[in-house]
Amino acid sequence: MERRKFIKTCCSTAVGIPILATTLQSCGAIYYATTTKDANRLIVKKSEFWHIKPARRSGGKDKKVNRAFVLVKTESMDFPICLYKMDIDVYSASLLHCTHRGCELNVGGGIYSCPCHGSEFSVTGKVLEGPADRDLKTFKTEIDSENIYILQA
Ligand code: FES
């Protein structure tokens, strides 16, 4: 690649990354839920799954839509947990820590994918594609009328 074209490509990429991050945040694709904690549970309000879609994008009035998943992370955690909504009041919680060599997983397209060597996992933490050969660490969940509880013990 000639020098001028290389520099132009690099500058476009460098400019594009913050724009992409802003776009992803604004469309609500990746959302870290407000989380509290008690003795051995992480607590997420069910309302964290709601997202208000502004009128300018929904063509009329503001619209309340549900997120498919939220991420949960506290200061003491090295990797986030993805809390995936499987059905009404049915959630799956998986640690986004690849069992191959420990990279943090991405969420998208209904799977977890590893940016390091390409392993893929289902949203219930099962290996779909190697090189990883062990399922993700998962957590039991409980609910009440307001909250989702991720059991850590
Ligand atoms: S660390 Fe995830 S596939 Fe290697």
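This is a predicted model: local features need pLDDT of at least 70, side-chain atom pairs count only at pLDDT 80 or more; totals for chains, interfaces and linings use all residues.
Four strands build it, in the order β1-β2-β14-β13, and their pairing is antiparallel. At its edges lie β1 (35-37) and β13, each of which pairs on one side only. Neighbouring strands of the sheet are turned against each other by 25 degrees on average, with direction ignored. Looking at one pair in detail, β1 and β2 run antiparallel and are joined by three bridges. Within this pair, K37 has L42 of β2 as its bridge partner.

T74 is found between β5 (69-72) and β6 (81-87). Apart from neighbours within four places in sequence, T74 is in contact with T35 and L42. Is T74 buried or exposed? With a relative accessible area of 17%, T74 is buried, because the cut-off for that class is under 20%.

The next theme is charge pairing. In general, side chains of opposite charge can pair when their charged atoms come close. E146 forms a salt bridge with K45, with the closest N and O atoms 3.3 Å apart. K45 belongs to strand β2 (residues 41-45), whereas E146 sits in the loop between β13 (141-143) and β14 (147-151), so this pair ties together parts that are 101 residues apart in sequence. Both partners are partly exposed: the relative accessibility is 49% for E146 and 41% for K45.

A further salt bridge joins K46 to D89, and here the closest N and O atoms are 2.9 Å apart. Which parts of the chain does this pair tie together? K46 lies in the loop between β2 and β3 (50-53), and D89 in the loop between β6 and β7 (90-95), so the link spans parts that are 43 residues apart in sequence. The two partners fall into separate accessibility classes. K46 counts as buried at 15% relative accessibility, while D89 is partly exposed, with a relative accessible area of 36%.

The side chains of K126 and D135 also meet in a salt bridge, at 3.6 Å from N to O. K126 is partly exposed, with a relative accessible area of 47%, and D135 likewise counts as partly exposed, at 37% relative accessibility.

Finally, the cysteines deserve a look. The count comes to one disulfide. C103 and C116 form this link, and their sulfur atoms are 1.9 Å apart. Why is the disulfide described as left-handed? The torsion about the S-S bond of C103 and C116 is about -95 degrees, so the disulfide is left-handed. The pair links distant parts of the chain, 13 residues apart: C103 is in the loop between β7 and β8 (106-108), and C116 in the loop between β9 (111-113) and β10 (120-122). C116 counts as partly exposed, at 37% relative accessibility. Two further cysteines are buried, namely C98, at 3% relative accessibility, and C114, with a relative accessible area of 7%.

Notes: Residues are numbered from 1 along each chain as its sequence is written. Side-chain values use heavy atoms; hydrogens and water are left out. Helices (H or I, at least four residues) and strands (E, at least two) are DSSP runs, numbered from the N terminus. Buried means under 20% relative accessible area, exposed over 50%, partly exposed in between (1.4 Å probe, protein chains only). Contact means heavy atoms within 4.5 Å. A salt bridge is a side-chain nitrogen of Lys or Arg within 4 Å of a carboxyl oxygen of Asp or Glu. Two strands pair if DSSP finds at least two bridges between them. Axes are lines fitted to C-alpha atoms, for helices over the stretch in contact, and angles run from 0 to 180 degrees between N-to-C directions. A disulfide is a pair of cysteine sulfur atoms within 2.5 Å.
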